[in-house]
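This report walks through one structure, part by part. The sequence and the coordinates come before the description.

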Amino acid sequence: MSKRVLDINELHTHFFTDKGEIPAVDGVSLNVSEGEIVGVVGESGSGKSVTSLSVMQLIPNPPGKIVSGEIMFKGRDLVQTSLKQMKKIRGNEIAMIFQEPMTSLNPLFTIGNQLIEAIRIHNKMGKGEARQKAVELLEQVGIPRANDIVDEYPHQLSGGMRQRVMIAMAMSCRPDLLIADEPTTALDVTIQAQILDLMRQLNRDLNMAILLITHDLGVIAEICDRVVVMYAGQVVEEGTTREILKDPQQPYTKGLIRSLPDMKAKNQKLYSIPGTVPKPKVDMVGCRFAPRCEYAFDRCFAESPPLYHIGDNRTSRCFLNERDQREVASHDETVIKG
Amino acid sequence: MTKPLLKVEGLKKYFPIKGGVFGKVVGQVKAVDDVSFEVMEGEILGIVGESGCGKSTTGKTLLRLVEPTEGNIFFNDESITELSDEKMRLLRRDMQIIFQDPYASLNPRHTVEKIIGEPLLVHGMKSAQARKERVKQLLEVVGLSAYHASRYPHQFSGGQRQRIGIARALANNPKLIICDEPVSALDVSVQSQILNLMEELRDQFNLTYVFIAHDLSVVKHISDRVGVMYLGRMVELANKDALYDTPKHPYTQALLSAVPLPDPDDKQDRIILQGDVPSPANPPTGCAFHTRCPYVMDVCKAVRPEWKEVSEDHFAACHLYNDNDQSEEQQKPLMQVES
């Protein structure tokens, strides 16, 4: 088994607003190993983006705060890391790309300017050398005419090209972990196919771990090795891509997969989960999915189901899986020593 | 045989680009460039394409919310392109639209009752009591409750807001509804609820939809026939099974193969198109797709392919099908999306 790059344990990120405390991330544990692509899937409000921002320590404070839990990255707990240290890690060891490539680039500076800045923050390099490196990076992510593009402004590029620039920037320091938050959501399908292809290629060539956040199960099936399903701030199921898509255990995952229109099936009525995602609250009683669940019974409304380990890296948060429970070995020894 | 409810002939919409000191017109964005199709009564016609292909502009010109530059639109055999504003306003009782963003398309200062009641008032239902009754009825039709009428849009979730948008469109018993990306802002589990609702309503009220979306699996699910647009032009139009099983146009083939399917066993070879969609202000000569087409020939760069029937009820605009010689057509290296 390869080494763990990222290991999140019982993370609680809460937002303190006028309307009270909102537990956006409520006890999330997940891990990513070297060279692995792990997908986090969930609907809006499930806490998947807050989880990724917590890893980068980018939660706006106030109102947000990591209340408890640890985020182990290469043997060091990021929650306890100072801001100064964190700045060195961001971009250098962990890089992040966002959904909207237009808002992530500064419209007033050329692509080259922004890339060179990113490169020079983390490497001792002259301007000329950094520029050379910027052109190389652009070529690496498949941008044609990289030598000219480097002097162009973000508005001169299309959405797909901008996302490539963001990936080039993220790649500039060869990070150990790339967090991609809905990287293809704003893109068209033909462009999405190009970007996913590029990410898989970088993952293979550089053995870089990727944490991919998405709502699209199609994207998950396309490039992820493992999947973590989130619902209302909690992990509800985890497994390999095949296990999750072919043999989902938790009723929410089952419903989510069934409610997708199938490109291949002929006219049948679409399954739909009744109701909507609940707003996370403190002290929620019972299973968070129970009000929408077709298998719910009395116990689901009274107590909250724990995450049952039903196999290697395979979990499900449903009382129906209680009998499938297995003993799991402690995973401490696999964590990389920083 | 049902008759066409909506017939579009050679529809064009060019937006001028103004530039220079005097604001002279220096160019044109050909958002919709010679599109023709028919929609039968009770049918759902899907229109798919990537962003900037002109699908939304097409939808808006059908209602003349955007005035077409050229071309003819017939609704119930009546040409609507020349109608006066007043006549058009009366006609819109029969033609309604549902927008993509349920957050932007509902006035945040109005109650749901006012939002849904407004089209009733505009089209002559003067009695406040009658409007109230009708609003209640409509809310129940779309799966909300009568007590929601006094609430404001911000008190609803995205899916519920889209239901309000649908109720508003249904208020005057329209015949045709243009649905412009009605589910793309919604989460998957809510999206399926809205799609099911729209199908039920179609059966219940005998509606006709023009369903515009970029999500190919959604369009496949709901439509009877599907048209594919690229850079302002319709490139292929066919019955949905024919289109998804045996796509004819190389762009449709690439588009279908690019969709990631939620199935780990599906490892089909993707046709990954190189490059981006060209700018509609300066579209390529000849076939608009020739810059990215894997089968490009010399003729594609020079001559715009004709829109023609390549097999029964299957239309495409591509030079690969230019001669009607069947034997030759079969030898063409067409990739099929495996099913």
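## Two domains in chain A

In this predicted model, the centres of domain 1 of chain A and domain 2 of chain A, taken over C-alpha atoms, are separated by 30 Å. Domain 1 of chain A covers residues 4-93 + 173-326, and domain 2 of chain A covers residues 104-172.

Where the two domains of chain A touch, 14 residues come from domain 1 and 12 residues from domain 2. On the side of domain 1 of chain A that touches domain 2 of chain A, H7(A) has the largest share, with five residues. By class, this side of domain 1 of chain A consists of 10 nonpolar residues, three polar residues and one charged residue.

## A helix pair within chain A

Two packed helices are described by the angle between their axes and the distance between the axes. In chain A, helix H3 (residues 111-122) packs against helix H4 (residues 127-140) at an angle of about 110°, and their axes are 9 Å apart. Because angles of 65 to 115 degrees count as roughly perpendicular, H3(A) is described as roughly perpendicular to H4(A). The crossing of these two helices, H3(A) and H4(A), is right-handed.

From H3(A), the residues that make the contact are A:Gly112, A:Leu115, A:Ile116, A:Ile119 and A:Arg120. From H4(A), they are A:Lys127, A:Ala130, A:Arg131, A:Lys133, A:Ala134 and A:Leu137. Sorted by class, the contact of H3(A) with H4(A) has six nonpolar residues, one polar residue and four charged residues.

## Where chain A meets chain B

How many residues does each chain bring to the contact? Chain A brings 37 residues and chain B brings 33 residues. On the side of chain A that touches chain B, at least two residues come from each of these helices of chain A: H6 (159-171), H7 (189-206), H8 (217-223), H9 (241-246) and H10 (251-258). H7(A) gives the most to this side of chain A, namely six residues. The side of chain A that touches chain B has 15 nonpolar residues, 13 polar residues and nine charged residues.

## A helix pair across the two chains

H7(A) also packs against helix H9 (residues 250-258) of chain B, at an angle of about 55° and with the axes 8 Å apart. That angle makes H7(A) oblique to H9(B). Here the crossing, between H7(A) and H9(B), is left-handed.

H7(A) makes this contact through A:Val189, A:Thr190, A:Gln192 and A:Ala193, and H9(B) through B:Ala254, B:Leu255 and B:Ala258. In the contact of H7(A) with H9(B), five residues are nonpolar, two are polar and no residue is charged.

## Backbone details

Chain A has a cis peptide bond between A:Asn61 and A:Pro62, with omega about -10°. Another cis peptide bond joins A:Pro62 and A:Pro63, with omega about 5°. A:Pro62 is found in the loop between helix H1 (48-55) and strand E4 (64-73) of chain A. A:Pro63 is placed in the loop between H1 and E4 of chain A.

In chain B, B:Glu181 is not a glycine, yet its phi is positive, at about 50°. B:Glu181 lies in the loop between strand E7 (176-180) and helix H6 (188-205) of chain B.

## Confidence of the prediction

The model scores ipTM 0.75 and pTM 0.82. Chain A has a mean pLDDT of 86, and 95% of its residues reach 70 or more. In chain A, the pLDDT is below 50 over residues 329-338, a stretch with 15 contacts in the model beyond near neighbours in sequence.

For chain B the mean pLDDT is 87, and 94% of its residues reach 70 or more. The pLDDT is below 50 over residues 324-339 of chain B, and this stretch has 15 contacts in the model beyond near neighbours in sequence.

Methods. Residues numbered from 1 in each chain as written. Chains lettered and ligands numbered in written order. Predicted model: local features only at pLDDT ≥ 70, side-chain atom pairs only at ≥ 80, totals over all residues. Contact = placed C-beta atoms within 7 Å. Helix = DSSP H or I, 4+ residues; strand = E, 2+ residues; numbered from the N terminus. Nonpolar A, V, L, I, M, F, W, Y, C, P; charged D, E, K, R; others polar. pLDDT = per-residue confidence, 0-100. Axes fitted to C-alpha atoms, helices over the stretch in contact; angles between N-to-C directions. Parallel < 35°, antiparallel > 145°, perpendicular 65-115°, else oblique. Left-handed = near helix turned anticlockwise from the far one by under 90°. Domains from an automatic or database assignment.
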